[in-house]
Amino acid sequence: MSKSSSSANIVYLMANSDKADDLKARLKESKDTTSKEARFMSLMVEDIELLQAKYNSDPLITPMEELKLLKVNDKAYTDTINHAFKIAYFQRKQDIIKLMGLSVERYIRDTKFGLVCVDFCYGPSIKMLKKNGVYFALAFSFLTLITWFIRQRMKTKFSFRKYLSAMDKQLLIFVGVLLLNSIFFALFLCISGGIELGRTVLPATLFQLAAISYLVINRHKTTVSKQDNTQITQQ
C-alpha cells in the first residue's frame, strides 16, 4: 500500500473547508436522493465528517477501513478520489468560484501572505520576538544595506551603469509581471498543497520576495517612469 500525495492533498482540502455542509445542502436540493451520484455524495459527507471529528482532517493517519471512499493509501481509490474532487469543486460554476475563494482564504489565513512559508524553513527563534518579526527585521536590515551599496556605486563612475539604465524600464516591467505571476502561482499552490502547505507555497514566496526587494531598492526608478509616462500623456 503506497501513499498518494496528490490524493491526500485533495482529501485534506475537502476536509479543511465547509465542503461537507455544502454537499449536505446539495443533497437536500436533489430531486432524486436515491441516485448513484446522491449516494456517492452521501458517502463523501460521511468520510469528511469522520476525518474532521476524529483525525484532525488528516487522511494519512486515518485507518483506511474506517473510510468508505476517500482512502488515500489505496491506489485503487485514486480515480474515486478524483471523481469526488470533481463533484466537490467542478460540477457547478459557483463551486469553481468557491474554490478560488478558498485558495485566497488559505493564502491569507494559513500562509499569512507567504510569511509562514519563510518561518517554516528559515525562521530564527528569539524568545522576545515572533519569527515573523525577526525575519522582517533581518530582511529590512539586509535590504537597507543593499540600497546603500547600490547608491554608493551609482555616485561613482561605472561603465556598466549606462547599460543598466537602458534596461531599467524592461526590468521594471519584467519584475512587475514576475510579482503578479508569483502571487497567482501561490494561490494555485494553496489548492494543490494540502498537507505540507508551507513547503509547497515556499517557491512562490521566494519569487515574491525577490520581486518586492527589487522594486523597493529601485523605487525611485519606478517614480521616474510614472512621471515620464504622465508627461508623454499630457503632450
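Let me begin with a term: a residue is called buried under 20% relative accessible area, exposed over 50%, and partly exposed in between. The model I am presenting is a predicted one.

By that definition, Ile 96 counts as partly exposed, because its relative accessible area is 36%. Ile 96 is located in helix α5. Together with Phe 90 and Met 100, Ile 96 makes a nonpolar surface patch of about 300 Å².

Let me now turn to the chain as a whole. Its secondary structure consists of 11 helices and zero strands. Of its 235 residues, 35% count as buried. The chain exposes about 15100 Å², and carbon and sulfur atoms supply 63% of that area. As for contacts between residues at least 6 apart in sequence, 65% of them join residues at least 24 apart.

Helix α4 covers residues 78–89, which is 12 residues. From its first C-alpha to its last, α4 reaches 17 Å, close to the 16 Å expected at 1.5 Å a residue.

Which residues of α4 are buried? They are Ile 81, Ala 84, Phe 85, Ile 87, Ala 88 and Tyr 89. Viewed down the axis of α4, these buried residues fall within an arc of 165 degrees, so they line one face of the helix.

What do the buried residues of α4 pack against? Their partners are α1 (5–15), α2 (19–29), α3 (36–54) and α5 (93–109). On the face of α4 turned away from this buried side, we find the exposed residues Asp 79 and Lys 86.

Two of the buried residues of α4, Ala 88 and Tyr 89, lead us to Lys 19, which is in contact with both. Lys 19 belongs to helix α2. Is this lysine, Lys 19, buried or exposed? Lys 19 is buried, because its relative accessible area is 2%, and the cut-off for buried is under 20%.

Leaving aside neighbours within four places in sequence, the contacts of Lys 19 are Met 14, Ala 88, Tyr 89 and Asp 95. Of these, Asp 95 deserves a separate remark. Lys 19 and Asp 95 are 76 residues apart in sequence, and their C-alpha atoms are 9.8 Å apart in space.

To close, I return to α4: its buried residues line one face, while Asp 79 and Lys 86 are exposed on the face turned away. Thank you for your attention.

How values were computed
Residues are numbered from 1 along each chain as its sequence is written. This is a predicted model: local features need pLDDT of at least 70, side-chain atom pairs count only at pLDDT 80 or more; totals for chains, interfaces and linings use all residues. Side-chain values use heavy atoms; hydrogens and water are left out. Helices (H or I, at least four residues) and strands (E, at least two) are DSSP runs, numbered from the N terminus. The expected span of a helix is 1.5 Å times one less than its number of residues. Buried means under 20% relative accessible area, exposed over 50%, partly exposed in between (1.4 Å probe, protein chains only). The arc is that of the directions from the helix axis to the C-beta atoms. Contact means heavy atoms within 4.5 Å. Patches are made of residues with over 30% relative accessible area and no salt bridge: like charges are joined within 9 Å, nonpolar side chains (Val, Leu, Ile, Met, Phe, Trp, Tyr) within 5 Å. Accessible areas come from the Shrake-Rupley method with a 1.4 Å probe; for residues, only the protein chains shown count as cover. A salt bridge is a side-chain nitrogen of Lys or Arg within 4 Å of a carboxyl oxygen of Asp or Glu.
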